[in-house]
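Me: I have a protein chain to work through, and I want to learn to read it. Let's take it one question at a time.

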Amino acid sequence: MSRPPISRASLYAAALGALAIAFFGAAPTRASEDAVVIPAPAQDVQGSDSIQTAVLAGGCFWGVQGVFQHTAGVVNAVSGYAGGSKSSADYNMVSTGTTGHAESVEIKYDPKKISYGKLLQIFFSVVHDPTQLNRQGPDSGTQYRSAIFTTSDEQKKVAEAYIAELNNAKVFKKPIVTKVAPLQGFYPAEAYHQDYLTLHPTRPYIAYNDIPKIENLKKLFAANYIEKPTLVSSAKVTN
């Protein structure tokens with residue numbers, strides 16, 4: 001659905017008002033989708049000495065980006081669009097749900113510090129609910145679908161095997177609907193979307209849907225959590 005840049009926040013502000021802002025800003029204890037404890041993948045991408053790229057889509061990119069910006073080994077996480085063409089990689093167009101894009105996050109990571117499989121474990125566990133089809137929380141439409149855009153055959157193999165592993169283990173109440181597809185192109189979102197969670201932590205949408213994801217990351221993946229986020233505005237990526 002089409003939304004202006006601040007509509008996610010204004011939607012909740014209109015409904016909950018200043019009282020909700022104060023409450024969630026002080027104690028955001030529960031997200032719209034709870035985290036799920038899941039096993040690490042049995043297979044993983046082989047290590048490398050160079051910075052690698054993962055592209056993941058799990059609903060609104062504000063929260064997805066925020067989680068991975070608090071993940072050790074991630075050197076940059078950029079909100080953007082994948083699954084459609086460059087010409088339609090615009091927020092207002094993507095929000096119509098007709099461009100083929102999914103709100104996505106391009107994750108540059110150091111495989112010496114974190115593996116692709118660990119990124120997927122965090123993605124399925126705390127980032128979003130992978131059993132929801134074309135929606136996450138209050139957001140609906142194909143642009144909010146769960147998807148993994150792979151950059152190599154090895155990533156594809158690991159992602160598909162992990163989905164099968166989790167489905168077989170029945171760690172979720174319903175089957176995973178996450179689609180795995182090769183990355184055709186990633187297009188960074190507009191500047192006002194970058195670092196959004198860090199810049200607007202008390203906005204009701206962020207406080208209710210996304211801040212608890214950061215708390216779940218800290219709780220369930222303590223060894224991979226960093227307190228200070230790696231922001232787009234300060235990230236240094238050489239390759």
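Me: Which residues in H5 are buried?

Reply: This is a predicted model, so keep that in mind throughout. Buried means under 20% relative accessible area. In H5, the residues that count as buried are Gln-155, Val-158, Ala-159, Tyr-162, Ile-163 and Leu-166.

Me: Which exposed residues does the face of H5 turned away from its buried side carry?

Reply: Exposed means over 50% relative accessible area. The buried side of H5 has its own cover, including strand E1 (52-58), helix H4 (116-127) and strand E7 (179-182). The face turned away from that side carries Asp-153, Lys-157 and Asn-168.

Me: How far apart are the end C-alpha atoms of helix H5?

Reply: H5 has 17 residues, 153-169. At 1.5 Å a residue, they should span 24 Å. The model agrees: the end C-alpha atoms are apart by 24 Å.

Me: How many of the seven residues of E1 are buried?

Reply: E1 is largely enclosed by the rest of the structure.

Me: In what sense do E1 and E6 pair?

Reply: E1 pairs with E3 over five bridges, in the antiparallel sense. There, Val-55 has Glu-106 as its bridge partner. With E6, Leu-56 stands opposite Ile-148. E1 and E6 pair over four bridges, and the sense is antiparallel.

Me: How many residues does the largest nonpolar core have?

Reply: Phe-68, Ile-107, Tyr-116, Ile-122 and Phe-124 have the most contacts inside this core. H4 gives the most to it, with eight residues. A second, separate core has eight residues, including Val-55 and Phe-149. The largest core has 47 residues.

Me: Is Asn-224 buried or exposed, and what is its relative accessible area?

Reply: Asn-224 lies in the segment after helix H7 (204-220). Leaving out residues up to four places away in sequence, Asn-224 touches His-70, Thr-71, Ala-72, Ile-114, Lys-118 and Ile-122. Buried means under 20%. Asn-224 is therefore buried, at 14%.

Me: Where does Asp-195 lie?

Reply: Asp-195 has a phi near 60°, a positive value in a residue other than glycine. Asp-195 is also buried, with a relative accessible area of 5%. Its place is in the loop between strand E8 (186-188) and helix H6 (196-199).

Me: What is the relative accessible area of Asn-134?

Reply: Asn-134 lies in the loop between H4 and strand E4 (135-136). Its phi is positive, about 55°, although it is not a glycine. Asn-134 is partly exposed, with a relative accessible area of 28%.

Me: What percentage of the residues of the chain count as buried?

Reply: Now take the whole chain. Its secondary structure comes to seven helices and eight strands. Its accessible surface comes to about 10500 Å², and carbon and sulfur atoms hold 56% of that. Of the 239 residues, the part that counts as buried is 51%.

Technical notes:
Residues numbered from 1 in each chain as written. Predicted model: local features only at pLDDT ≥ 70, side-chain atom pairs only at ≥ 80, totals over all residues. Heavy atoms only, no water. Helix = DSSP H or I, 4+ residues; strand = E, 2+ residues; numbered from the N terminus. Expected span 1.5 Å × (residues − 1). Buried < 20%, exposed > 50% of the residue type's maximum accessible area, 1.4 Å probe, protein only. Contact = heavy atoms within 4.5 Å. Areas by Shrake-Rupley, 256 points an atom, 1.4 Å probe, with all protein chains shown as cover. Pairing = 2+ DSSP bridges. Core = buried A, V, L, I, M, F, W, Y, C linked by side-chain atoms within 4.5 Å.
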